[in-house]
Amino acid sequence: MITVLASVTMATAANAQTRFQDGKPILEEDKPFSYIDPDVLKKMRTQEPLTKAASVLRWEVEKSGHAGYADIALEENGVALHWKGDVPAAMKTAMSAAGRHAPVRVVPARYSKADLRAAITPIYEYMKKHPGGPVHSVGIKQDGSSIEVGSGASDLQKVTADLPKTNIPVKVVRKAAPKSASRLEDTPPYWGGARLWNPAKSLNCTSGFGVKNSNGTEFLLTAAHCFTPPERVSRYTSVTTIGYASHENWAHDILLVTTHAGGRIYDGGVGTGEFSKSVYGWDWVYRGEYLCASGSVSGVVCNFTQGNGFTYSYCDYDSDGDWTCRNDLLLAVQMDGLRASQGGDSGGPVFGLRNDGVVAKGIISGHDGWSGLVHQDFGTAWRDFGIVPIQG
């Protein structure tokens, strides 16, 4: 059984041809990385030896601390190690090892990373003690030369005078305060994992990922059974217009909503314990891969294991009451026996992990009765719509 929103449907499986080697599936493209824009791919390939060199340096910093460390930057033809003071012998050894991958040069830094973090700490504590006060953000300038403080106050000189004193230059700039949004009342640029509302049909779904096409036009990716172009897509609580359904492939259960979208998704709980993560691109889905899904009803659910790919097809009534059949879908199983998704989770992001963010893997379509998550992979959306995730 496949359930979408609150409906119960029948499922059929389509055969998939998979090549095996040593008892494991080999999933290959006709041309490796053909989904990446040639210019972008060239830049990434050019940076591969640079990132290898940078990694050698960064792991030395991680291992030994090094109070003089300021930053590591990739340049056009090499790596720049920004350093305060004399470079110690251990780092020089790391530079020699890194040099086997790419040229490394030392750039004198006025302040170390530790200096800057120490200077920011009292300003951060000042913000915590003044809720709604004149300061709403603080950060290190990209070049490491100073600290930038954001304020909405009319008198920036007074704000500067009231701040804790530091030995590092501080510049107070007037800017709008960052706003914390929620799954149930997101704000532009709209993120994945938020509650979407169809006012024409009185049903809710979830946004998948903020995406863009080759022209730079922005959309939200979600499930096609939730909306029919050109229906209006709204926020859940205020019924404020987010955008309009514009492109669909109902057979693949994917749809684009034209709107101002962003490069993050909500994860964690719903209403409480919510978090958000940056999206760092997309990738294909592989058998045996562990995945998470983030619905605006269930919240985040992880420990899904991906089974054979592209074997599920099913039919159901969509938001118009039409009987539609969907194909080329995937099934992942929640390994703890938890419920895979609930009504209203449809369209939500399916993702893998990368560093402190996520990789777009697909969107929720439904579930197979309890622990089986039926979803569509991002590669299919890329093929159908020519889109890539907006990165955050």
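**The disulfides**

Let me begin with Cys292 and Cys302, which are joined by a disulfide with an S to S distance of 2.0 Å, where a disulfide is taken as a pair of cysteine sulfur atoms within 2.5 Å. This is a predicted model, in which local features need pLDDT of at least 70 and side-chain atom pairs count only at pLDDT 80 or more, while totals for chains, interfaces and linings use all residues. Residues are numbered from 1 along each chain as its sequence is written, and side-chain values use heavy atoms, with hydrogens and water left out.

The link of Cys292 and Cys302 is right-handed, with 110 degrees about the S-S bond. It connects distant parts of the chain, 10 residues apart, since Cys292 lies in strand β22 (residues 290-295) and Cys302 in strand β23 (residues 299-306); strands here are DSSP runs of E, at least two residues, and are numbered from the N terminus.

Is Cys292 buried or exposed? Cys292 counts as buried because its relative accessibility is 8%, whereas Cys302, at 34% relative accessible area, is partly exposed. Buried means under 20% relative accessible area, exposed over 50%, and partly exposed in between, with a 1.4 Å probe and protein chains only.

How many disulfides does the structure hold? There are 2, and Cys205 and Cys226 also form one, with their sulfur atoms 2.0 Å apart. This pair, too, links distant parts of the chain, 21 residues apart, with Cys205 in strand β14 (residues 203-206) and Cys226 in the loop between β16 (218-222) and β17 (232-235). The link of Cys205 and Cys226 is left-handed, at -90 degrees about the S-S bond, and both Cys205 and Cys226 are buried.

Technical notes
Helices (H or I, at least four residues) and strands (E, at least two) are DSSP runs, numbered from the N terminus.
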